[in-house]
Each structure stands twice: as C-alpha cells, then as structure tokens.
Amino acid sequence: MNPRIVPAFDGIPGTVYLVGAGPGAVDLITLRGLRILRAAHAVCYDSLVSPELLAEARPEAELFHVGKRGYCVGSTQQSHINELLVSLAKSGKVVCRLKGGDPFVFGRGGEEAEVLVNAGVPFEVVPGVTAALAAAAAARIPLTHRAAGQSVAFVTGHHDPDSPECTLDWHALGQMTAIVFYMAVRHIGKIAAKLCDNGLSLDTPAAVVEAATTPRERVIIAPVRDMATAIVAHGVEGPAVFVVGEPVAYRDRLMSLAVKATARANE
C-alpha cells in the first residue's frame, strides 16, 4: 500500500482510541483504525472482531477480550471494561478499544467516552462502517433510494417490545420508509407486529442480513408479517440486522441487472 496514504503512527501514550472495526470483513476497517491497531500497546476487543484483524496488532501487544453478547453467559461487564481502559491508559499505554461497526452506534462508545473524560484520560474516536449501512449495501438494498426511501431509522431491537425497557415510538416508526433494527433476531415477531399495528402494511418487504460482509453472509427476504417464520426456517443466528421498508424491493431488481450485466460481459 502507498506509504503516503498510511504513514507511520506511534500513537500517544496514555490515550484510548475508540476504534470502529467495521461490519465484519477485515478490509472494511478504516486506514486510521488499522494504523492505531498496529501501534497499540493494548487492544481491548469485542466478540465480533475478526481474529484476522487482531493479527494486525504488534506481536508484543496485550490483547484483552471484552466481548458483550446479549443474553450470553460470560459477557464482560461494562464496569470491568471501563476500569480496564482507564487502568491501561494511566499506565502509559497506547490503548486501542476495538469495536465492531462504529463506536458510537449501539456500541456503548459514548458511555466509555464519558468514563474516560471523568477519569481525566484523553481519547479519540475513530469512526467505522456501522452494520446497518454495510448490511444493506452488501445485500444491494438502497436504504435512501430517491423513489422509495426519503427517511431511514436505525433502531435497537435488543429489548422485548412489550417490556418497560422498550421506549420506542412505534407509531413514528410505522410511518418510516426504511427501518434497520440491530440485535433484533430474538424479537422479530413482536417487532413486526408492533410496526403493523402502527400503520405499516403487512406486505411491506423486509430482509434479514446475517453476518454481513463475511463469508457467512446470508440474506433472507420475506414480507414483514412472515419474517419471524422465515428466520426460524433458515436457522438464522446473530449477528444479523433486520431491514424493513420499500427499498428492500430494489434488491431483486439490482440482483437481476447484475446477473444480466455479468452474462453480457462473458459473451
């Protein structure tokens, strides 16, 4: 790679870099994120970070798995992560906090940044490609197509829609032209029902993109009312995003055009 694009970088001792690793594929991390990863004395990484990406760390770097997976036994407590980041930085290390996607989109990066500020630890945020954008693009779903998508919402699907913890405005979401739910596999049936009870057509096209941008990527397409059944039939597991809205319908057209273009090129 051109050294003018990726100049040497040693990092600033005592600084925590909140780095977005991107949606899954190793080469979708930003150049700056890769430079910081290679310079770090300590790397605190999430469960979804690829082992291939971790191999880019310097050989003597300390690697700390601080994975948080919803409903999983053994997930690292956020309080422990906070304490670890502060401790490593105050010992004078260059610290790379490596997160899947973007640090500030459902990644608790904001919480960790607050802890660092309160502890007097300098930090930098390095943006990453968030799963909602990457999964839709990889699946050839144009979230903001001018003819069908003038608005898009990113929503957490982590909480049971019927629980007190869920404070989403379902009426507002039911009027959106495109919605992407993170961490929604467990609650897709209830989410679909809430949307349809609040103005969304039962026939609205929807997609679940599993393990986006990785070799395991799968795309399941169904009307929103049938998606809960479809993901069970296909054995879908996380990580996955749930995309709802008319832009999903463009996938078939774009896939068909791509196939025709490839056939013409091979004639």
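This is a predicted model: local features need pLDDT of at least 70, side-chain atom pairs count only at pLDDT 80 or more; totals for chains, interfaces and linings use all residues.
Skipping neighbours within four places in sequence, Val208 is in contact with Ile188, Arg218, Val219, Ile220, Met227, Ile231, Val236, Ala240, Val241 and Phe242. There is a second, separate core to keep in mind too: 21 residues, with Phe9, Leu34, Ala39 and Ala57 among them.

Val208 itself belongs to the largest nonpolar core, a set of 26 residues. Val208 is one of the residues with the most contacts inside that core, along with Phe181, Leu195, Val224, Met227, Phe242 and Val244. Which elements supply at least two residues each of this core? On the strand side they are S6 (153-156), S7 (178-182), S8 (205-210), S9 (218-223) and S10 (240-245). On the helix side they are H6 (170-174), H7 (188-197) and H8 (227-234). H7 gives the largest share, with 5 residues.

Ala207 sits in strand S8. Is Ala207 buried or exposed? With a relative accessible area of 0%, Ala207 is buried, the cut-off being under 20%. Leaving out neighbours within four places in sequence, Ala207 touches Ile141, Ile220, Ile221, Met227, Val241, Phe242, Val243 and Val248. Take Val241 from that list: it is 34 residues from Ala207 in sequence, yet their C-alpha atoms are 8.2 Å apart.

**Lys190, on helix H7**

Lys190 is in helix H7. At 37% relative accessibility, Lys190 counts as partly exposed. Its contacts beyond four places in sequence are Asp160, Pro161 and Asp162. As for distances, Lys190 and Pro247 are 57 residues apart along the chain, and 22 Å separates their C-alpha atoms.

Thr130 is in the loop between strand S5 (123-126) and H5. Although Thr130 is in a loop, its relative accessibility of 7% makes it buried. Which residues does Thr130 contact, leaving aside neighbours within four places in sequence? They are Gly101, Asp102, Val105, Phe154 and Tyr182.

Ser79 belongs to helix H3, which covers residues 78-90. Ser79 counts as partly exposed, at 44% relative accessibility. Ser79 and Glu112 are 33 residues apart in sequence, with a C-alpha to C-alpha distance of 9.5 Å.

| Residue | Relative accessibility | Class |
|---|---|---|
| Ala207 | 0% | buried |
| Thr130 | 7% | buried |
| Lys190 | 37% | partly exposed |
| Arg140 | 38% | partly exposed |
| Met183 | 41% | partly exposed |
| Ser79 | 44% | partly exposed |

**Backbone geometry to check**

Where does Arg140 lie? Arg140 is in the loop between helix H5 (131-138) and S6. Its phi is positive, about 60 degrees, although Arg140 is not a glycine. Met183 also has a positive phi, near 55 degrees, and is a residue other than glycine. Met183 lies in the loop between S7 and H7.

There is a cis peptide bond as well: the one from Gly238 to Pro239, with omega near 0 degrees. Pro239 is placed in the loop between H8 and S10.

**The whole chain**

Stepping back, the protein has 9 helices and 10 strands. Its radius of gyration is 20 Å, close to the 18 Å that the globule rule gives for 267 residues, so the protein is as compact as a globular protein of that length. Along the principal axes, the C-alpha trace spans about 60 × 55 × 30 Å.

How much of the protein do buried residues make up? They account for 45% of the 267 residues. Of the contacts between residues at least 6 apart in sequence, 68% join residues at least 24 apart.

The charge count is 24 positive and 26 negative, and the mean positions of the two sets are 4 Å apart.

Definitions and conventions. Residues are numbered from 1 along each chain as its sequence is written. Side-chain values use heavy atoms; hydrogens and water are left out. A nonpolar core is a set of buried Ala, Val, Leu, Ile, Met, Phe, Trp, Tyr and Cys residues joined through side-chain atoms within 4.5 Å. Buried means under 20% relative accessible area, exposed over 50%, partly exposed in between (1.4 Å probe, protein chains only). Helices (H or I, at least four residues) and strands (E, at least two) are DSSP runs, numbered from the N terminus. Contact means heavy atoms within 4.5 Å. The radius of gyration is taken over C-alpha atoms; the globule rule is 2.2 Å times the number of residues to the power 0.38. Lys and Arg count as positive and Asp and Glu as negative; His and the chain ends are not counted. The place of a charge is taken as NZ of Lys, CZ of Arg, CG of Asp or CD of Glu.
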